[in-house]
Amino acid sequence: MQCSRNAVFPTHLQGRFASCSPEHTLLRIGGGGNTTSGPGGSGTATWGVGKRGQLGHGNRDDESQPRLLLGKIGWGIRIVQVAAGGGLVRVAHSLLLTSTGRVLSFGTAQYGQLGHGYDAGKQLSDCLRPRYIEALKHEKCICVAAGELHSGAVTVDGDVYTWGEGFCGQLGLGDRRPHLLPEQVTLGGLEDECVSNMSCGCRHTLVVTEEGEVYSWGLGRFGVLGQSYTDFTYNNDIGMVVPEGEAGQVQGLAVRPPPMPAAQIDAAVEAANADGVNDLINSLDALNLTLDDPSDQCYPVVIDSLKGFRAVGVCAGHRHSMVLDENGGLYTFGSGASGALGHGDLLGQEFPVKVLEFEKNNIRIHQMSAGVDISMAVSTTGHVYAWGKATDGRIGLGLGRNEITIPRLVDMGEEKFKAVDVECGYVHSIIIGLDGSVYQCGGVGTDGKDDGQQYLDTEEGTRPGYPAKLSGYNIWHRIAEPNEKVIKQKWTKYGKYELKGRSKMMNEGVRSIG
């Protein structure tokens with residue numbers, strides 16, 4: 001349907017300046033230095049683990065520092081949004097949205113999340129450099145989102161397209177099959193809605209319409225869809241019925257088997273990754289999940305409990321979700337592991353619950369981000385708040401804390417600092433300042449090194465466990481287009497033919513015949 005928009009691009013969306021996956025980071029920076037392609041922030045820099053080609057530099061090398069993408073990205077091709085996808089099963093991919101509404105993708109193609117379909121050899125080949133999604137060339141997109149194994153886009157007409165793995169119904173196309181090319185989501189009445197923006201989580205998807213309604217679909221585990229769902233089928237030796245009101249249960253909510261501790265889940269996934277036989281299936285087995293699960297919601301359904309107000313933004317994390325209303329109120333639901341919901345406890349929530357810490361202190365939220373058991377938000381006054389798993393300084397609250405159950409103000413080390421964006425990954429997060437400065441909390445270990453920010457090129461005076469300002473990077477600064485070094489390969493000659501050349505060999509052949 002045709003939408004009447006006040007602006008081409010939505011005001012609240014993830015990845016406007018940066019985006020994080022558990023393994024890598026995308027940052028809008030540079031560009032426009034010697035052309036008319038646009039101001040600073042038109043280009044893209046990437047860093048982190050590069051084994052899946054998700055960094056877009058034409059190789060599979062890790063990068064410990066931000067490195068600019070070449071190939072006219074930022075100089076001729078202006079980037080307006082970035083989306084880093086991936087998870088804990090050794091996959092990762094990236095999406096870039098241009099100012100003309102085109103979408104580029106690169107990284108892992110194993111599950112169809114790049115949207116390119118099969119190549120000439122009937123293979124799903126990884127892309128090591130940004131490549132346009134040809135199936136969307138006739139659509140002008142205003143928002144892109146990347147999950148663990150799936151991707152999505154919103155067009156200027158308010159239509160939603162999804163592609164990639166769909167075994168949990170996360171594509172919203174009414175089935176659990178993979179779709180290698182983008183397809184429009186029309187079920188659940190979404191075809192008649194004008195969607196403003198979207199967010200893809202681990203195995204679920206959220207969208208918000210111009211009227212302020214929120215739709216969700218995909219894996220219902222942990223309550224990330226914000227509504228009732230059919231629970232998983234558990235093994236008898238794991239699932240136990242606990243009467244209401246007893247340990248770990250909340251009265252009035254459907255009884256759930258005791259959840260696995262976050263550390264146990266992380267250990268199970270890491271053990272599955274180390275096997276290398278079938279990362280995805282092994283990870284699911286380790287967590288007692290199946291591909292044929294009754295909690296999957298394969299088509300969009302509006303979250304009825306949010307109909308009392310107008311939503312303007314959504315964020316789908318690894319196993320929890322966030323919704324922002326027009327008055328700056330923040331609602332969270334899903335897994336409460338490590339206090340990621342911000343309600344002062346570790347309990348999960350099946351339905352959206354308002355974060356009262358902001359309410360009682362009259363704090364209005366402008367931007368938010370949900371990662372893997374971590375959450376961050378930026379207030380309308382530019383202050384940064386964080387909660388959830390705080391180990392190794394991943395959310396900038398120091399090294400001496402583990403689980404933060406209510407939002408805490410992040411000490412940026414500068415009294416007048418104002419933030420405009422935050423993005424959460426797994427062991428790191430990114431904070432963007434109004435002045436264009438870039439801060440990183442925690443860090444992804446590259447080249448076999450341990451996770452942490454100790455390998456970053458940061459300014460002097462950085463305190464361990466707190467946000468570290470990246471030295472020499474400002475998203476607003478223009479940068480002259482660097483020249484890509486092309487290494488000329490020397491031909492290796494073998495045998496008489498290559499040594500003498502074709503003409504001499506032919507002459508010798510003629511003489512021998514004569």
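**Exercise 1. Aromatic groups**

Phe358, Tyr385 and Trp387 form one aromatic cluster. Rings of Phe, Tyr and Trp (its six-membered ring) count as a pair if their centres lie within 6.5 Å, and their planes are stacked when under 30 degrees apart, edge-to-face when over 60 and tilted for the rest. The model is a predicted one, in which local features need pLDDT of at least 70 and side-chain atom pairs count only at pLDDT 80 or more, while totals for chains, interfaces and linings use all residues. Residues are numbered from 1 along each chain as its sequence is written, and side-chain values use heavy atoms, with hydrogens and water left out.

*Task.* State how many aromatic pairs the structure holds, and describe the pair of Phe17 and Trp476.

*Solution.* 
- Step 1. There are five aromatic pairs in the structure.
- Step 2. The ring centres of Phe17 and Trp476 are 5.6 Å apart and the planes stand at 85°, so this pair is edge-to-face.
- Step 3. Phe17 belongs to the segment before β1 (18–20), whereas Trp476 is in the loop between β28 (468–474) and α4 (495–500); the pair therefore ties together parts that are 459 residues apart in sequence. Helices (H or I, at least four residues) and strands (E, at least two) are DSSP runs, numbered from the N terminus.
- Step 4. Buried means under 20% relative accessible area, exposed over 50%, and partly exposed in between (1.4 Å probe, protein chains only). Phe17, at 12% relative accessibility, counts as buried, and Trp476 is partly exposed, with 39%.

*Task.* Determine how the rings of Phe417 and Tyr439 are arranged, and whether these residues are buried or exposed.

*Solution.* 
- Step 1. The centres of these two rings are 5.1 Å apart and the planes are at 75°, so Phe417 and Tyr439 make an edge-to-face pair.
- Step 2. Phe417 is found in the loop between β24 (403–409) and β25 (419–424), and Tyr439 in strand β27 (residues 437–442), so the pair ties together parts that are 22 residues apart in sequence.
- Step 3. Both Phe417 and Tyr439 are buried.

**Exercise 2. Charges over rings**

*Task.* Identify the ring over which Arg319 sits and the ring over which Arg463 lies.

*Solution.* 
- Step 1. A charge sits over a ring if NZ of Lys or CZ of Arg is within 6 Å of the ring centre and within 35 degrees of the ring normal.
- Step 2. Arg319 has its charged end over the ring of Phe222, 5.6 Å from the centre.
- Step 3. Arg463 lies over the face of Tyr466, at 4.4 Å from the ring centre.

**Exercise 3. The sheet that contains β17**

*Task.* Give the strand order of the sheet that contains β17, and follow the pairing of β17 and β18.

*Solution.* 
- Step 1. Two strands pair if DSSP finds at least two bridges between them. The four strands of this open sheet have the order β17-β18-β19-β20, with antiparallel pairing.
- Step 2. At the edges stand β17 (311–316) and β20 (349–354); each has a single partner strand, so one side of each is left without a neighbour in the sheet.
- Step 3. β17 pairs with strand β18 (residues 320–325) over five bridges in the antiparallel sense, and Cys315 stands opposite Met322 in β18.
- Step 4. The two strands β17 and β18 form a hairpin with three residues between them.
- Step 5. β17 is mostly covered, with six of its six residues buried.

**Exercise 4. Positive phi values**

*Task.* Locate Lys122 and Asn362, and state the phi of each.

*Solution.* 
- Step 1. Most residues other than glycine have a negative phi.
- Step 2. Lys122 has a positive phi of about 60°; this residue is in the loop between β7 (103–107) and β8 (127–132), and at 60% relative accessibility Lys122 counts as exposed.
- Step 3. Asn362 has a positive phi near 55°; its place is the loop between α3 (356–360) and β21 (365–370), and at 69% relative accessibility Asn362 counts as exposed.

**Exercise 5. Confidence**

*Task.* State the mean pLDDT of the protein chain and how many contacts the model has for residues 284–292 beyond four places in sequence.

*Solution.* 
- Step 1. pLDDT is the predictor's confidence in each residue, from 0 to 100. Its mean for the protein chain is 83, and 75% of the residues reach 70 or more.
- Step 2. Over residues 284–292 pLDDT stays under 50, and the model has 19 contacts (heavy atoms within 4.5 Å) for this stretch beyond four places in sequence.
- Step 3. Where pLDDT is low, the predicted coordinates should not be read in detail.
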